[in-house]
Amino acid sequence: MGVLAPVRAPLGDSATLPLGQILPGDCVAAMRALPDASIDLVFADPPYNLQLGGELARPDGSHVDAVTDHWDRFASFASYDAFTTAWLKEVRRVLKPDGALWVIGSYHNIYRVGAILQDLGFWILNDIVWRKTNPMPNFKGTRFTNAHETLIWASRGEKARYHFNYRAMKTLNDELQMRSDWVIPICGGPERLKADGRKVHPTQKPEALLYRVLLATTERGDVVLDPFFGTGTTGAVAKRLGREWIGCEREPAYRAAALARIARELPLDESALATMNAGRAAPKIAFGALVEAGLVPPGTQLFDRKRRWSAVVRADGSLACEGQTGSIHGLGKDLQGAPSCNGWMFWHLERGGETAPLDAIRQLYLLSIEE
C-alpha cells in the first residue's frame, strides 16, 4: 500500500494554471494545455455509456428525465475504451507524484474504466459504494432497482505517496472509521439546477458526495481538476472548502450554469475550515452527515441551552470553543467537566428565529433520507 503524504509536493507552476476557469472543448485537448505534475487531485465523472435503447417512460406513460444526451453515446465498447484511455493518460501526466484520481461510474462503465486505469499504472486504493437513499425506481420491473454508483480512488502507482485525512473522516463520522459504503441522497431540492422546469444536467452529483471526497483527500490550496465539469459541483464545493479548481466542459449550457453557480458560492473562513485531531463519540447518525448535507454548514454558531458556551462548526464536523476542539459529544463533555454528554441535546442553534437543539435538525435529516 502507498505511504500517506504529510505534505503536498510543490511541483508544477501554479502561476501558469488556469485556476478558477472552465476550459471549453474536448477534455483531452484541454488537459494537454496543462503542465506536467501540476494537479493535486482529479475528480472525474465521465460519460457512463448507458446504452439506452430509446427513451424511458413511467407506467403512467410520463417521460423519465434520464441520460439520453449525445455526449453519453459511443458507437462501441472499443470506441468508449479508446476515449477512456486517452483521458486517463492525460490525467496521469498532469497529476503530481503524490496526487490521486477519483472516478465515478455505474455498472455500465466502471469496470471498463477500472481495468484501463490499472493497465495504465494507477493503483486502486479503495472502491466506494455510493448508496442512494432515494434512487430512481426500475419502472419496467425487469431488474433490481439500481440504487448505487461506484467510485474508484487511485494513486499514480503501487508505491506512490497519496494524501488521506483519516482523522477528519473519522471525526466526520462521529469517531467511527469511515467505511467504504456511503449513504447519501441523490441531488435534489434547491441544490438541483433547473431551467424551464427541467434538470439542467441529468446526472448532477450531490454536493455532499464531493464534500467528503475533497475533505478526505485534499488540503486547503490544493488544485482539483474535473475533466467532466458539468454544472460545476466540484468547483462549487472546492471554492467552499478553500481548494483551487479547474474544469473542462465542452457543452456551453453546462459551462454557463456552472459559472453562475460557483459565483454564488462563498468560501468558508479559516476557523471553519480547520479540522480537529482528537475526540470520541458514536451515535447512529453522524453529525458530519448534517454538515455535508448543508443542514448545519461549517461556520454555524452552536450554544448550550443556557448560553454559557458558544462553539463554531468546522468543516469536518468538529467544534471549536474557547481554544478547545472536539466532537459535539466530546467537547460538550469537556466543557462541563462531565463524564459524558449527548451533544444532540446539549448543543442548540438559531433556526428561523427560534432556538432548536441539534437533535431537531437530525430528525429533519432522517426524514429527508427516508423519503
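Visitor: What covers the buried residues of helix α6?

Guide: Their cover includes β2, α5, β9, β10 (244-249), α7 (252-264) and α8 (270-273). Cover here rests on contact, meaning heavy atoms within 4.5 Å. Helices (H or I, at least four residues) and strands (E, at least two) are DSSP runs, numbered from the N terminus. A word on the source: this is a predicted model, where local features need pLDDT of at least 70 and side-chain atom pairs count only at pLDDT 80 or more, while totals for chains, interfaces and linings use all residues. Residues are numbered from 1 along each chain as its sequence is written, and side-chain values use heavy atoms, with hydrogens and water left out.

Visitor: What makes α6 "mostly covered"?

Guide: Seven of the eight residues in α6 (233-240) are buried. Buried means under 20% relative accessible area, exposed over 50%, and partly exposed in between (1.4 Å probe, protein chains only). The buried residues of α6 are Thr233, Thr234, Gly235, Ala236, Val237, Ala238 and Arg240. Just after the helix, Gly242 takes a positive phi of about 75 degrees.

Visitor: Why is Ala208 called buried?

Guide: Its relative accessible area is 10%, and the cut-off for buried is under 20%, so Ala208 is buried. You will find Ala208 in helix α5 (residues 207-217). Leaving aside neighbours within four places in sequence, Ala208 is in contact with Ile184, Glu292 and Ala293.

Visitor: Why do the buried residues of α3 line one face of the helix?

Guide: The buried residues of α3 (110-119) are Ile110, Val113, Gly114, Ile116 and Leu117. Seen down the axis of α3, they fall within an arc of 165 degrees, so they line one face. That arc is taken from the directions from the helix axis to the C-beta atoms. The face turned away from the buried side carries the exposed residues Tyr111 and Asp119. What covers the buried residues of α3 includes α2 (77-94), β3 (95-105), β4 (123-132) and β5 (148-155). Just after α3, Gly121 takes a positive phi of about 105 degrees.

Visitor: How do you know that Cys27 is in no disulfide?

Guide: A disulfide is a pair of cysteine sulfur atoms within 2.5 Å. By this rule the count comes to zero. For Cys27, the nearest cysteine sulfur is that of Cys248, 6.2 Å away. Cys27 counts as buried at 6% relative accessibility, and Cys321 is buried with a relative accessible area of 2%.

Visitor: How many helices and strands does the protein chain have?

Guide: There are twelve helices and 16 strands. Of the 371 residues in the protein chain, 52% are buried.
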